[in-house]
Amino acid sequence: MNQDKFNSLIDSLVDSVKDYNLDTSFDHYNAIIEICSDCDHSFVYYKAWQLVNFVKFEHGSYDDTLFDDVEREVQDNDHNTDDITLNDYMMTYAFNILKVATLKKYESQVKELA
């Protein structure tokens, strides 16, 4: 993974949110969770490891706080630590990287349009 591939991935997820059928019962946050959980970077071990490794070690220019935000998100919401493997953590981190980055980009675009 590199910066261009990461940006392209997040852009495609944001575009998916824009194309989603949002209504009063299903807002953009729920759409982002559903879209990111279906993204293969959040459930294929190899891709999850690549994504987490990239954001942790190589990703400085996009958003320096992304990994810190994701780490807090995982710690705040992951209370079940029994029988969790390292692969499980990588998939959790990968999903949250996708969710947080997509949410930030989508909400910044909505602000610009307002």
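What pLDDT does the protein average, and what percentage of the residues score at least 70?

## Confidence of the model

The model is predicted. The protein averages a pLDDT of 84, and 87% of the residues reach a score of at least 70. Among the elements of the protein, the highest mean pLDDT, 91, belongs to helix H1, which spans residues 3–19. The lowest mean, 81, belongs to helix H4, residues 66–77.

## Overall architecture

The secondary structure comprises five helices and zero strands. Read along the sequence, the elements follow the pattern α-α-α-α-α. The protein has 114 residues, of which 35% count as buried.

Contacts can also be sorted by separation along the chain. Among contacts between residues at least 6 apart in sequence, 75% join residues at least 24 apart.

## Helix H1 against H2

Helix H1 packs against helix H2, residues 28–38, at an angle of about 130°, with the two axes 10 Å apart. H1 is therefore oblique to H2. The crossing of H1 past H2 is right-handed.

On the H1 side, the contact involves Leu13, Ser16 and Val17. Their counterparts in H2 are His28, Ile32, Ile35 and Cys36. By class, the residues of this contact comprise five nonpolar, two polar and no charged.

## Helix H1 against H5

H1 also meets H5: the axes of these helices come within 9 Å and cross at roughly 65°. H1 passes H5 in a right-handed crossing. H1 contributes Phe6, Leu9, Ile10, Asp11, Leu13, Val14, Val17 and Lys18 to the contact. From H5 come Ile97, Leu98, Ala101, Thr102, Lys105, Tyr106 and Gln109. The contact of H1 with H5 has 10 nonpolar, two polar and three charged residues.

Leu13 and Val17 of H1 are listed in the contact with H2 and also in the contact with H5.

## Helix H3 against H5

The axes of H3 and H5 come within 8 Å and cross at roughly 60°. In this pair, H3 passes H5 in a left-handed crossing. The H3 residues in the contact are Tyr45, Ala48, Trp49, Leu51, Val52 and Val55. The H5 residues are Leu86, Asn87, Asp88, Met90, Met91, Tyr93, Ala94, Ile97 and Leu98. The residues of the contact of H3 with H5 divide into 13 nonpolar, one polar and one charged.

Ile97 and Leu98 of H5 take part in this contact with H3 and are likewise listed in the contact of H5 with H1.

## Val52 in helix H3

Val52 lies in helix H3, which covers residues 45–57. Is Val52 buried or exposed? Its relative accessible area is 6%, so Val52 is buried, the threshold being under 20%. When residues up to four places away in sequence are not counted, Val52 touches Phe67, Met90, Tyr93, Ala94 and Ile97.

## Asn96 in helix H5

Asn96 is found in helix H5, residues 86–113. With a relative accessibility of 7%, Asn96 counts as buried. Leaving aside neighbours within four places in sequence, Asn96 is in contact with Val70, Glu73 and Val74.

Asn96 can also be placed relative to Val52. These two residues are 44 apart in sequence, and their C-alpha atoms are 9.7 Å apart in space.

## Leu66 and Asp69 in helix H4

Helix H4 contains Leu66, and it also holds Asp69. Leu66 is buried, since its relative accessible area is 0%. Leu66 and Val55 are 11 residues apart in sequence, with a C-alpha to C-alpha distance of 7.6 Å.

Which residues does Asp69 touch, not counting residues up to four places away in sequence? The partners of Asp69 are Val100 and Lys104. Asp69 and Val100 are 31 residues apart in sequence and 7.6 Å apart in space, C-alpha to C-alpha.

Methods. Residues numbered from 1 in each chain as written. Predicted model: local features only at pLDDT ≥ 70, side-chain atom pairs only at ≥ 80, totals over all residues. Heavy atoms only, no water. pLDDT = per-residue confidence, 0-100. Helix = DSSP H or I, 4+ residues; strand = E, 2+ residues; numbered from the N terminus. Buried < 20%, exposed > 50% of the residue type's maximum accessible area, 1.4 Å probe, protein only. Contact = heavy atoms within 4.5 Å. Axes fitted to C-alpha atoms, helices over the stretch in contact; angles between N-to-C directions. Parallel < 35°, antiparallel > 145°, perpendicular 65-115°, else oblique. Left-handed = near helix turned anticlockwise from the far one by under 90°. Nonpolar A, V, L, I, M, F, W, Y, C, P; charged D, E, K, R; others polar.
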